Amino acid sequence: MFLTDKYSSLLPLHPKAHRHQQPGKAPAGAGAFARFDAALAARLRSLLPLPASPLAALARLADLLALTLEEAAPALAGEGDEAAVAAHLVSGVALLDACNAITARLDRVRRRRLLACFALHLLSSPSSIGRARAALADRNDRAAASPPPPLPSLPFDHPRGRLSAAARVLVAVNAVSSLAAAAAAAVLGGGALVATFPLVSSGDFPWAEAFNAVSSQLSNLATKSSEVDTIDEAVQKLSSVLEGEGGIDEAALRAAAHEVEKRTEELTARLDRLSDAVNGVFRAALCLRNAELGSFMVGPAGKTCK
């Protein structure tokens with residue numbers, strides 16, 4: 001199920017355009033933007049050093065993106081930069097698409113993990129070794145026959161010229177979104193995608209230095225094998241042992257099966273953690289979109305995000 005279906009209740013109904021600030025909404029003020037910038041810089045610094053696990057690092061970055069999206073809505077309240085908000089309403093769709101694509105890839109990895117677990121279960125019975133071999137072959141055949149959905153890129157275009165306070169908040173949202181999308185492409189792309197990690201000019205935003213440090217570490221981490229790659233390698237080794245000429249080496253079989261079991265356990269917890277984090281990003285992105293649409297509505301701004 002797409003995340004769009006899961007959170008469809010957060011979408012506002014029948015917005016009516018207008019060009020005036022909503023009654024009762026005072027501008028956020030310079031203090032709110034300073035707090036937003038300071039909080040983002042602190043959270044970016046708190047990510048370092050990144051965990052050695054690429055999936056764990058991606059989950060932590062997704063948590064940070066969700067918090068950034070959540071805090072952007074109140075920071076934008078009453079600012080009235082309709083051009084910046086309208087532009088983000090258009091570009092923000094790509095983030096929702098990316099969340100759906102990442103969720104689809106995680107579901108695909110889960111299905112492959114289940115087939116590996118099924119093969120391990122079959123190996124517990126000597127009479128089922130042939131079926132275990134067939135399960136691993138099916139795992140590989142399914143992967144070849146059903147390629148993963150593409151991951152949308154979210155390129156970061158560094159802004160030029162004088163920016164309104166609202167536009168500066170949305171620059172932060174776009175920068176962190178781009179960073180998370182690049183990390184997802186590097187970790188979940190299976191080597192088929194070349195990720196470009198964004199950088200921000202240090203003098204323009206208080207959080208830029210911390211952002212660039214995280215981006216650089218993510219770029220280095222992306223060169224290492226992820227847990228998805230590691231379990232694929234372990235399964236391939238197990239398949240080779242089962243297909244070995246001259247009979248099966250029992251010691252090699254036990255070692256290969258133990259490695260797959262170990263990698264599967266590691267992957268399961270980290271997949272669940274990342275799936276929850278992506279879910280949080282999608283929900284926060286919908287809430288921000290709801291608030292942005294509300295700025296163009298007459299009357300109540302629709303459903304409140306909780």
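**Figure 1. Cavities in the predicted model.** A search of the whole structure finds four cavities of 30 Å³ or more. A cavity is defined on a 1 Å grid over the protein atoms alone, as a set of points where a 1.4 Å probe fits but cannot get out; lining residues have an atom within 4 Å of a point. Grid points are joined across faces, edges and corners, and a volume is the space filled by probe spheres set on the points. Rolling a probe the size of a water molecule over the atoms shows where empty space is left. The model is predicted, with local features requiring pLDDT of at least 70 and side-chain atom pairs counted only at pLDDT 80 or more, whereas totals for chains, interfaces and linings use all residues. Residues are numbered from 1 along each chain as its sequence is written, and side-chain values use heavy atoms, with hydrogens and water left out.

**Figure 2. Close-up of the largest cavity.** The volume of the largest cavity is about 130 Å³. Its lining comprises 15 residues, and those nearest the centre are Leu65, Cys99, Ile102, Ala180 and Val281. At least two lining residues come from each of helix H3 (54-76), H5, H7 and helix H10 (250-294); helices (H or I, at least four residues) and strands (E, at least two) are DSSP runs, numbered from the N terminus. By residue class, the lining of the largest cavity holds 14 nonpolar residues, one polar and no charged. Here Ala, Val, Leu, Ile, Met, Phe, Trp, Tyr, Cys and Pro count as nonpolar, Asp, Glu, Lys and Arg as charged, and the others, Gly among them, as polar.

**Figure 3. Close-up of the second largest cavity.** The second largest cavity has a volume of about 70 Å³. Leu69, His88, Gly92, Leu95, Leu96, Ala285, Leu288, Arg289 and Glu292 form its lining. Two or more of these residues are given by each of the elements H5 and H10. H10 contributes the most to the lining of the second largest cavity, with four residues. Five residues of this lining are nonpolar, two are polar and two are charged.

**Figure 4. Close-up of the second largest pocket.** The second largest pocket has a volume of about 400 Å³. A pocket is an open set of grid points with protein on both sides within 12 Å along at least five of seven lines. The second largest pocket is lined by 20 residues, with His88, Ser91, Leu170, Val171 and Asn174 nearest its centre. His88 is also listed in the lining of the second largest cavity. Helix H4 (82-91), helix H5 (93-123) and helix H7 (165-188) each provide at least two residues of the pocket lining. H7 gives the most to the lining of this pocket, with seven residues. The lining of the second largest pocket contains 13 nonpolar residues, six polar and one charged.

Figure 5. Two aromatic pairs are found in a search of the whole structure. Rings of Phe, Tyr and Trp (its six-membered ring) pair if their centres lie within 6.5 Å; planes under 30 degrees apart count as stacked, over 60 as edge-to-face and the rest as tilted. Phenylalanine 205 and tryptophan 207 form a stacked pair, 5.0 Å centre to centre and with 25 degrees between the planes. The pair of tryptophan 207 and phenylalanine 211 is edge-to-face because the ring centres lie 5.8 Å apart and the planes stand at 70 degrees. Together, Phe205, Trp207 and Phe211 form one aromatic cluster. Both phenylalanine 205 and tryptophan 207 are buried, where buried means under 20% relative accessible area, exposed over 50% and partly exposed in between (1.4 Å probe, protein chains only). The relative accessible area of tryptophan 207 is 0%, and phenylalanine 211 counts as buried at 0% relative accessibility.

**Figure 6. Proline 49 and proline 74.** The peptide bond from leucine 48 to proline 49 is cis, with omega near -5 degrees. Proline 49 belongs to the loop between helix H2 (30-46) and H3. Proline 74, in contrast, lies in helix H3. With a relative accessible area of 51%, proline 74 is exposed. Proline 74 and alanine 291 are separated by 217 residues in sequence and by 8.6 Å in space, C-alpha to C-alpha.
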